[in-house]
Amino acid sequence: MGTAKRWARGGGRRRSTRGQRLRVGAPLPGAGACCSAAVGKYLMVDIKTRFAPSPTGQLHVGSARTALFCHLLARKMGGMLLLRIEDTDRARHVEGAVERIVDDLKWLGIDWDEGAGVGGDKGPYVQSQRLGIYTKHVEKLLDAGLAYYAFETAEQLAGLRQTAEAEKRSFIYRRPDSLPTRGQAEAVKAEGRPAVVRFKTPGEDVAIHDEVYGVVTVPGDQQDDFIIMKADGWPTYHLANVVDDALMGVNFIVRGQEFLGQTWRHKLLRDAFGWPEPRYAHLPLIMDMKGRKLSKRDGDVDILSFRKAGYLPEAMINFIALLGWSPGNDRERFSLEELREAFDIDRLNKTNAKFDRDKLLAFNTAAIAEADEDRLLVAFEDYLSLNETPFPAGDTAMLRRLLQVNKGFRTFADIVSKSGSLFVADDAVEYNGKAVEKVLAKNDGDGWAVLAELRALLGACPWTGEALEKLLGEFCTGRGLGMGKVAQPLRVALTGGTISPAIGETLTLLGKDKTLSRIDRCLALART
RNA sequence: GGCCCCAUCGUCUAGUGGUUAGGACACCGGGUUUUCAUCCCGGCAACAGCGGUUCGAGCCCGCUUGGGGUCACCA
């Protein structure tokens, strides 16, 4: 009935229209629909989304985007976002990973209403603290005859799988003709042999209704009796995830597309427990530039790496928001606040996206240009706290000065490469061979000559920006030289290379003593 | 390999039967600038292919090709 109509669009392209928006307010089979609220002119059931990461390492850009979309959906619809930690694989658990994830989410500006870090009345929100709940639910299934014990070892299964592969068949676990009784299972466990619990899959086609992909049907003959409880007594992802979503009142699941082909398991499990279906929105995947799935193993695609590399969270957010979503027009610069307003689940697209670092860099450059100094100072200090740099981290006046003098920088790391040498010891300055050759030695040592002359003038000059600029300007006109012919030799002498802030700034930042001593040191180089 | 999903510039994307197929990044060229970066201007560049449906297809359907996901006692 209504259901059929609601999903009638099938796999076709969905675009936002008034008519479709109304669909949002249609009566939902969603769990935990305790109340409804009028938002704008649409009546809708309150939604509750969740972000459920596994604490196996860093939060990477793919997970961050999922969290962002969950957050945006909840905020836009006036719903709730819940954070749950899925750590049922105690072998892969990484110490400190939960704190890492929470910290990265906070840095990005993504907040949530319930769960890890903020509490709530449906907890605990860490799966390793909910074992009893899962056990109880597995028992229910066992008692109802909807699940059964199986005793194959992991090795035996691997063997069967290998055989199947050799015969070019896909391996699907075959349910034994006679299932063990609870007593037999206890006996096996008592012997120390492994026993897992498998779900008794009906074997009928299952249709999943997805907000992004439409109706996806998985043939019954492709379904296996998947494991819901491992031999170590812990539930598998499928069981724990479904149980928790239901018990915690989650009615809108947003997650990566890699789960789409497995959602039939979740639907079957919900059916078995008699729980209503939530709404699903699977997100297209984020790939690397070679088109391969972006994974945590890919190295620096985790949020912390970008933070350490000098990126602004607002740029990260803006960029990842556009991976799989677009507003429908030519606009692409958004603050988190603006995204919360503009986000529309109907505008999610289905095609995988490649993670283009060049574009991220461009967004970061723009975000930096738009940010005011106070904002930049906070971010700069955060950057400095995560990196070893020659800068005096506690000297905010100096940090502000660096921000001003380096205008146009693309990441905070640019400030280090452009101004860092001004803060190291004189003898730590390394001269770049090419720069020395091109700027100082070339043309019979014109550069050296300019430097020597400047050394004397500088020594007698009051050390203010104005006086120095004036001195250099007069020097240039007096010699008929362009500023480049004067500033560059100085740069090389002072920093070892050709890159530094405007020459007047470079001189005042360095100070008179260091300027003179570095020129002397450089001049000495000419005589060797 | 089975099953499922996807398909517009190199990349992110706009496009809901009639458009010179738009924007952004990258790239190329030019300009501003004492270096680098920033900034400004201009340019290059796409509907995977083949069949249908239609007066008319990037938009609808099918096939082919290509890409991806999934087939774990990981999530």
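Me: Buried means under 20% relative accessible area, exposed over 50% and partly exposed in between, with a 1.4 Å probe and protein chains only. Why does Arg-65 count as buried?

Reply: Its relative accessibility is 2%, under the 20% limit, so Arg-65 counts as buried. This is a predicted model, where local features need pLDDT of at least 70, side-chain atom pairs count only at pLDDT 80 or more, and totals for chains, interfaces and linings use all residues. Residues are numbered from 1 along each chain as written, chains are lettered from A and ligands numbered from 1 in written order, and side-chain values use heavy atoms, without hydrogens or water.

Me: Where is Arg-65 found, and which residues is Arg-65 in contact with, leaving aside neighbours within four places in sequence?

Reply: Arg-65 is in helix α3, residues 61–76. Helices are DSSP runs (H or I, at least four residues), strands likewise (E, at least two), numbered from the N terminus. Contact means heavy atoms within 4.5 Å. Beyond those neighbours, the contacts of Arg-65 include Leu-283, Pro-284, Ile-320 and Gly-324.

Me: What makes Ile-47 buried?

Reply: Its relative accessible area is 4%, under the 20% limit, so Ile-47 is buried. Ile-47 sits in the loop between β2 (42–45) and β3 (48–51). Leaving aside neighbours within four places, Ile-47 is in contact with residues including Leu-73, Met-77, Met-80 and Phe-252. Ile-47 and Met-80 are 33 residues apart in sequence, yet their C-alpha atoms are 6.5 Å apart.

Me: How do you know that the span of helix α14 agrees with its number of residues?

Reply: The expected span is 1.5 Å times one less than the number of residues. For the 14 residues of α14 (373–386), that gives 20 Å; the end C-alpha atoms are 20 Å apart, which agrees.

Me: What caps the N-terminal end of α14, and what joins the side chains of Asp-382 and Arg-307?

Reply: Asp-372 is the cap, with a side-chain oxygen 3.2 Å from the backbone nitrogen of Asp-374. Asp-382, one of the buried residues of α14, makes a 2.9 Å polar contact with Arg-307, side chain to side chain. Both distances fall under the limit for a polar contact: N or O atoms within 3.5 Å.

Me: Why are α18 and α20 called oblique?

Reply: Helices α18 (465–479) and α20 (503–510) pack at about 130°, axes 9 Å apart. Angles under 35 degrees are roughly parallel, over 145 roughly antiparallel, 65 to 115 roughly perpendicular, the rest oblique. The pair is therefore oblique. Leu-468 and Leu-472 in α18 are among the residues that meet α20, where Leu-507 is one of the partners.

Definitions and conventions
A polar contact is a pair of N or O atoms within 3.5 Å; within protein, one must be able to donate a hydrogen and the other to accept it, and residues adjacent in sequence count only if both atoms are side-chain atoms. Axes are lines fitted to C-alpha atoms, for helices over the stretch in contact, and angles run from 0 to 180 degrees between N-to-C directions.
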